[in-house]
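Reader: Please take one residue and describe closely where it sits. Then carry on through the rest of the structure, chain by chain, in one connected account.

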Amino acid sequence: MSYEINDVKTAINHGKGMSYHVHDIRAEMKRLEEEGEIKIGHIIGPYKEEEVMYGIKKKIPLDMHYQHKSCGQCANLPGVPRSNFFYRDKLGIKYYNDMQQTSCTAWNYHASGLGNLVQLGAVAARNWHRAYEEGYNFTIHCVTSFGNYLEMRHLLVGNKELRDEVKKILAKLGRELVIPEEIVHDSEIAYALRDKILANADPKRLEGIKGLVGVEHYGCHFFKQVSDDIIGGKRPIVVGGLASTLGVQMEEYSKWFMCCGFGFRHILVNREFTRSAQNIKLKAIKEEVNPDMILVNCTGCGTTFDKTQWIQKAVGEDYHYPVIFYSQLAALALGAHPFKEAGLNFHVTPVEPLLDKMGISYN
Amino acid sequence: MSEEVKNPITEKIESTKGGHFYKEIMKDFRIKESLHGCLNCGTCVANCPAAAFYDYSPREVCQMMIEGDEETIEEYMKSKIWNCAQCFSCKYRCPKENSAADIVMTMREIAVREGLAAEALAGYTRIAKLVLTRGNQLAPDMLSPDAFPDWGPRMIELSSKKMEMREELFKGFPGMNVVDRAWAAEDFTIYEMQRIWEESGALEKVGTVFPFLVDIVQDDMEDKKEEMEAKIEAKKAKLAAAGK
Amino acid sequence: MKTVLVIGGGVTGLKASHELAEMGYNVSLVEKQDYLGGQVAKHKYYKLAPDMRLVSEVLDPVIKNVESNSNIKVHKHSTITALSGNAPEFKVKIKNSKGESEETFGAIVVATGFEHFDPTVKQEYGYSRFKDVVTNAEVEELLNPNGPTKGELKRPSDGKIPKKVAIFQCVGSRDKQVGNPYCCRVGCVVSTKQAIEIKEKYPDTEVYVYYMDMRMFGRGWEELYGKAMEEYEVIFTRGRGAEVTLKNQQLSLRAEETIMDRPIQHSVDMIILAAGQAPGDGTIEAAKILGIKQNEYGYLAPKDDFLSPNESSKAGIFIAGADKGPLDVENCIVEGAAVAAKVASSLK
Ligand SMILES: Cc1cc2nc3c(=O)[nH]c(=O)nc-3n(C[C@H](O)[C@H](O)[C@H](O)COP(=O)(O)OP(=O)(O)OC[C@H]3O[C@@H](n4cnc5c(N)ncnc54)[C@H](O)[C@@H]3O)c2cc1C
Ligand code: SF4
Ligand code: SF4
Ligand code: SF4
């Protein structure tokens with residue numbers, strides 16, 4: 001079923017007429033800032049306001065991006081960070097690729113239970129402080145990190161005990177607790193910039209993108225872990241919104257909501273689960289849409305979709321849907337070399353047929 | 001989870017029910033926000049990928065925590081909690097805004113602390129080591145073909161060519177073309193990470209599963225301690241000066 | 001002063017107006033719409049639970065009593081825009097398409113009722129995107145012989161009569177996710193009634209009700225529930241509807257069968273959402289203009305729920321009916337009469 005992004009932009013009015021249900025973390029942060037309990041890393045430079053749940057406006061910074069990289073992407077799908085840099089270079093956005101950044105360690109945490117909240121909070125706050133120190137807006141490549149940082153913001157704002165423990169550790173490192181004014185995922189930024197990306201796109205590339213059929217899958221930690229602070233309300237729209245702006249025909253499939261099967265630990269130690277979940281998703285995608293590509297915004301899902309199609313042969317299925325990140329699509333539209341600049345050659349499920357269809361040469 | 005949030009259910013249960021695991025779980029402040037009574041409606045189960053494949057039920061997770069049923073809790077602590085995919089589908093749709101996902105996460109933490117997780121974490125040595133010695137969770141050279149035979153022939157081809165491919169991709173991006181970690185995090189950064197794990201008690205917890213890792217980390221820290229602490233002192237002085 | 005303003009021409013406001021007029025008061029009834037009868041008229045309810053009585057048997061006399069009473073002045077298509085003064089001399093501006101006028105009243109009755117919860121916000125049910133997912137209010141219209149389908153349960157997508165119908169209870173009620181933790185108090189009986197109506201008309205159609213609790217506390221409700229199971233073989237499954245998907249033009253639902261502890265998936269032809277009640281915009285607007293207290297969900301708050309249930313937070317302004325919280329027709333009529341008595345004693 002093809003759909004318009006505006007059709008799914010429905011949940012913004014949740015709680016209409018009821019004030020008690022609205023949980024506005026921004027107001028709480030402001031109060032804590034006034035009390036001197038925390039600092040806020042305010043948005044630097046221009047921003048665009050986008051609606052999240054309850055019609056609250058989220059400020060999406062348009063320049064000066066601290067790039068909180070994803071370890072999974074850098075290791076496994078390096079074309080994604082490269083595309084993130086690429087579209088910024090093309091649009092003249094200043095960014096900072098920090099070698100003093102650490103992983104958020106949330107993947108490890110959710111998979112293994114090693115670590116604890118104080119540790120996760122302190123790691124988050126250390127990275128936040130890096131962006132603040134350097135004078136940049138904190139922006140996030142990875143969905144696991146994004147969900148974790150939303151959660152950490154929520155816990156640190158809401159719980160004084162945890163806040164004090166984290167502050168104690170930060171003080172020992174010569175740092176302080178500076179919570180970013182907005183926790184922003186890179187796909188939200190790309191969505192906010194969609195018109196600019198379109199305006200700067202290579203017309204020949206757009207010609208190739210036009211009419212491609214896409215389905216989307218969002219990371220669970222993008223919209224389910226903390227579900228009231230993403231653009232569009234409760235149901236995410238950013239990837240489909242960007243793609244349809246660039247000319248992709250977005251289609252809905254019945255299993256869009258379901259977890260991809262990554263499972264944090266299952267992808268490593270229990271891949272039968274991952275493969276079975278994948279088969280359910282891929283089957284629905286194939287039977288209902290049979291698209292040209294699967295569009296994603298999450299490290300774990302991208303990996304899972306890309307790496308688990310081949311093995312489905314074992315159960316008699318033949319899937320071959322290229323897995324493309326929102327930013328790789330943006331980079332392609334802006335003229336990136338599919339391999340040297342968008343890193344699509346790191347994908348295991350072949351991307352070549354898609355590139356052929358788009359009329360992009362890759363050798 | 002503001003400190004003002006009062007949850008009569010958890011408070012009431014805390015004072016009347018027993019069982020070691022139950023009490024340990026209830027001590028975690030997250031539970032107050034993850035459990036608000038349960039309608040037994042099954043919305044969580046209907047959306048749960050783990051319930052679709054395993055003998056596992058997020059509804060049971062919430063129910064057993066409300067009842068304080070130690071036997072079921074133990075069964076979960078010992079193995080069932082590791083079935084959860086941490087996808088938060090249960091939390092997203094629960095009409096009571098419960099979060100089996102967060103309860104399970106709390107239980108995983110406790111299972112590690114209580115020495116119940118050795119089997120579940122058997123495959124985790126490499127990742128834990130990487131986090132503690134590199135500040136990253138994943139590195140290109142962990143994706144060796146033998147680790148992931150089911151990812152297909154292209155993966156094997158990739159692992160052999162990845163050095164050149166990465167060099168080409170990251171031309172002009174210093175720090176990005178490494179294979180033993182995700183990016184070239186600085187020594188000082190890694191030291192800060194190690195300090196966080198040490199100070200937060202998380203390193204000690206790692207010791208319950210991987211004792212040798214603690215030794216590695218402590219040795220590593222010891223080697224660079226003087227130089228790094230001097231750097232931290234400088235940072236502290238700068239922060240203090242800025243504060244004035 | 002012997003004049004009373006009644007805001008809202010649903011069953012509650014109609015009953016209150018009539019009782020007051022009978023007691024000799026001059027009543028102005030202000031109704032936003034160009035018809036009387038409130039939600040019951042708007043959605044063309046056909047039969048009322050639990051007796052399956054025709055709505056016209058109840059509503060027509062109530063409307064007639066108002067329209068034929070010379071003590072009542074009905075302002076259709078009108079709203080109030082401003083209030084000044086205090087009890088027992090309120091000055092109220094009434095606005096209609098022709099303009100605005102100010103009148104003076106001794107007391108005010110607010111009977112602005114409710115609005116159906118809009119299930120679009122529960123996007124997992126696909127309402128407003130999947131054509132054959134409909135609300136219970138829409139089904140009332142479909143089942144009415146004077147309605148758009150002349151009483152046939154034609155599904156919107158292709159006009160066919162569904163062979164399998166699922167009804168989801170508690171849509172937008174008992175649900176913190178949408179900010180409505182309260183019970184809609186009529187959904188259960190209305191769904192049971194609709195299930196029976198469907199089975200009566202189409203004995204071959206299977207009707208499944210997905211519920212958490214069947215709350216049958218009203219007069220004759222539990223008996224109706226029994227009848228649905230015994231005589232009509234409506235199938236009640238304990239588990240909340242969790243998700244609706246559309247796959248190759250086929251609706252499919254997910255839930256957990258909580259008695260057997262198993263997740264289920266079920267293909268059906270039509271899904272009816274028992275959408276609950278929410279405070280209407282009209283109620284919220286009236287509360288603002290009149291300066292009376294609302295409760296945390298937006299409904300009007302009585303001065304004291306037990307001791308003065310029909311008094312608002314402001315002296316001389318009275319409240320009744322579904323604008324105080326979900327209520328059924330029978331009790332709305334009781335409320336209408338009760339508020340009239342309270343107004344009369346206060347103006348004495
Ligand atoms: C699907 C469904 C089926 C139902 N079926 C049954 C049933 O079978 N049996 C039963 O007992 N109950 C049933 N009910 C309940 C029944 O609908 C209500 O009890 C009843 O309609 C409430 O009457 P009311 O007058 O209080 O409010 P309403 O019917 O909502 O009337 C309020 C009136 O006030 C007007 N108004 C609102 N604001 C303003 C304003 N600011 N200025 C002027 N006018 C205004 C509105 O236009 C409306 O006409 C059902 C409810 C639902 C949701
Ligand atoms: S987080 Fe765990 S319990 Fe919750 S739905 Fe996902 S797999 Fe099930
Ligand atoms: S969804 Fe929530 S209320 Fe329903 S069974 Fe699960 S935990 Fe209980
Ligand atoms: S009356 Fe029935 S359908 Fe309505 S909220 Fe209560 S239990 Fe649910």
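Author: Q101(A) is placed in the loop of chain A that runs between β5 (95-96) and α5 (106-112). The model is a predicted one. Is Q101(A) buried or exposed? Q101(A) is buried, because its relative accessible area is 0% and the cut-off for buried is under 20%. As a reference point elsewhere in chain A, take L332(A): 231 residues separate Q101(A) from L332(A) in sequence, and their C-alpha atoms are 27 Å apart in space.

C259(A) belongs to the loop between β10 (249-250) and α14 (266-269). The relative accessibility of C259(A) is 5%, so this residue counts as buried. Between C259(A) and Y191(A) there are 68 residues in sequence and 23 Å in space, taken from C-alpha to C-alpha.

Chain A also takes part in aromatic contacts. A cluster connected by ring pairs contains F146(A), Y218(A), F222(A), F223(A), W256(A) and F257(A), together with Y92(B). Chain A has a lysine over a ring as well: K59(A) lies over the face of Y47(A), 5.1 Å from the ring centre.

Y92(B), a member of that cluster, leads on to chain B. The domain assignment divides chain B into domain 1 (3-113) and domain 2 (124-243). Over C-alpha atoms, the centres of domain 1 and domain 2 of chain B are 33 Å apart.

Two ligand shells come next. Which residues are closest to ligand 2? They are C48(B), Y56(B), C84(B), C87(B) and C90(B), from a shell of 13 residues. In chain B, α5 (49-53) and α8 (89-93) are the elements that each give two or more residues to the shell around ligand 2. By class, the shell of ligand 2 holds 11 nonpolar residues, two polar residues and no charged ones.

Chain C has several backbone details. C170(C) lies in strand β12 of chain C. This cysteine has a phi near 60°, a positive value in a residue that is not glycine. C170(C) counts as buried because its relative accessibility is 9%. K44(C) also has a positive phi, of about 50°, without being a glycine. The place of K44(C) is the loop between α2 (38-42) and β3 of chain C. With a relative accessible area of 36%, K44(C) is partly exposed.

Two peptide bonds to proline in chain C are cis. One joins A49(C) to P50(C), with omega about 0°, and P50(C) is in the loop between β3 (47-48) and β4 (53-54). The other runs from A87(C) to P88(C), with omega near -5°, and P88(C) is in the loop between β6 (79-86) and β7 (89-96).

Aromatic pairs complete the account. Over all chains, the search of the whole structure finds 30 of them. One is the edge-to-face pair of F168(C) and Y210(C), with 5.9 Å between centres and 80° between planes. This pair links distant parts of chain C, 42 residues apart: F168(C) is in strand β12 (residues 164-171) and Y210(C) is in strand β13 (residues 206-211). Both of these residues are buried.

Y182(C) and Y299(C) form another edge-to-face pair, 5.4 Å from centre to centre and with planes at 70°. Here the partners are 117 residues apart, with Y182(C) in the loop between β12 and α5 (187-201) and Y299(C) in the loop between α7 (281-290) and β20 (317-319). Y182(C) is buried because its relative accessible area is 11%, and Y299(C) counts as buried at 1%. Finally, the charged end of K2(C) sits over the ring of Y25(C), 4.4 Å from the ring centre.

Key. Residues numbered from 1 in each chain as written. Chains lettered and ligands numbered in written order. Predicted model: local features only at pLDDT ≥ 70, side-chain atom pairs only at ≥ 80, totals over all residues. Heavy atoms only, no water. Buried < 20%, exposed > 50% of the residue type's maximum accessible area, 1.4 Å probe, protein only. Phe/Tyr/Trp six-rings, centres within 6.5 Å; stacked < 30°, edge-to-face > 60°. Helix = DSSP H or I, 4+ residues; strand = E, 2+ residues; numbered from the N terminus. Lys NZ or Arg CZ within 6 Å of the ring centre and 35° of its normal. Near = heavy atom within 4 Å. Nonpolar A, V, L, I, M, F, W, Y, C, P; charged D, E, K, R; others polar. Domains from an automatic or database assignment.
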